[in-house]
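Please look at the sequence and the structure shown here before reading the report.

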Amino acid sequence: KGLLIMGGQINFVSRPHVGSTFTFTAVLRRCDRSAISDSKPVVLHSLPSCFNGLSAILVDKRPVRATVTKYHLQRLGITSEVVGSTELALSMLSGRNGSSLISLKQPSMLLIENDSWGSNMDTSLRTKLLEMKNSGCTPVSPKVILLAASESDKLTANYTVDSVITKPLKASTLATCLFQALGIKQSRTEKLEDSGSLRGLLLGKNILVVDDNKVNLRGGCWFIEEIWERGGEE
């Protein structure tokens with residue numbers, strides 16, 4: 001409604017089982033130069049750099065969702081390859097059926113979407129990874145990380161995985177999980193908060209998000225958290 005009041009328009013194109021693309025136009029006025037000069041400079045909050053050079057295999061049968069996850073991995077410096085099933089992921093690890101890791105180094109992690117987690121996956125996946133390690137196909141077994149939209153404490157009780165990341169996915173949440181799963185110690189400088197960043201400006205503030213739609217409400221909260229995470233990057 002606010003966009004329409006500003007003289008703008010919003011449209012979308014939706015494709016079943018693929019996703020939706022939203023577009024909008026808005027009429028904006030040029031900002032007064034004095035307002036720019038009076039504003040405080042924003043220092044960008046950087047993400048950890050210790051993941052640069054790592055690689056991952058992402059199991060996700062939904063291309064649009066996989067693109068979002070791949071984007072967050074890329075922000076952390078992690079190269080990833082997307083496959084549609086755990087069978088393809090194991091084939092890629094072992095080099096069977098013409099699959100190879102030419103575009104990847106030895107993957108450090110195997111990220112699997114919850115809806116790609118089949119029955120009896122716990123036993124079969126761990127067994128196959130152990131067999132590949134013992135046969136020399138994979139010198140080190142990749143960490144198994146489940147991507148899900150439920151509470152992690154409930155999921156860890158049901159699945160034998162190294163870690164669980166709940167949605168909506170954020171690069172900071174992903175980084176925290178990988179620090180623990182991969183056993184990487186976070187440096188002191190990466191823990192420091194920058195008081196001049198947008199993160200610092202939001203520190204201690206109470207933000208009220210109001211919407212009569214639960215999905216939109218959750219999206220609004222996610223947007224605030226994303227701003228907090230990026231520290232003014234975008």
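## Basis of the model

The model is predicted: local features need pLDDT of at least 70, side-chain atom pairs count only at pLDDT 80 or more, and totals for chains, interfaces and linings use all residues. Residues are numbered from 1 along each chain as its sequence is written, and side-chain values use heavy atoms, with hydrogens and water left out.

## Helix 3

Helices (H or I, at least four residues) and strands (E, at least two) are DSSP runs numbered from the N terminus. Helix 3 covers residues 63–75, which is 13 residues. The expected span of a helix is 1.5 Å times one less than its number of residues. For helix 3 this gives 18 Å, and the end C-alpha atoms are 18 Å apart, so the two values agree.

A residue is buried under 20% relative accessible area, exposed over 50% and partly exposed in between (1.4 Å probe, protein chains only). In helix 3 the buried residues are R65, A66, T69, H72, L73 and R75. G77, which follows helix 3, has a positive phi, near 85°.

D60 sits in the loop between strand 3 (55–59) and helix 3. D60 counts as buried because its relative accessibility is 4%. Its side chain has a polar atom 2.9 Å from the backbone nitrogen of R62.

The side chains of D60 and R65 are joined by a polar contact of 2.7 Å. A polar contact is a pair of N or O atoms within 3.5 Å; within protein, one must be able to donate a hydrogen and the other to accept it, and residues adjacent in sequence count only if both atoms are side-chain atoms.

## Salt bridges

A salt bridge is a side-chain nitrogen of Lys or Arg within 4 Å of a carboxyl oxygen of Asp or Glu. The whole structure has 5 salt bridges. One of them joins D115 and R62, with 3.8 Å from N to O. D115 is in the loop between strand 5 (109–113) and helix 5 (121–135), and R62 is in the loop between strand 3 and helix 3, 53 residues apart. R62 is partly exposed, because its relative accessible area is 48%.

R65 forms a salt bridge with E113, with the closest N and O atoms 3.7 Å apart. R65 lies in helix 3 and E113 in strand 5, so this pair ties together parts 48 residues apart in sequence. Both R65 and E113 are buried. R65 also meets D115 in a salt bridge of 3.0 Å, N to O.

Which residues are linked in a network of salt bridges? The network holds D60, R62, R65, E113, D115 and K167.
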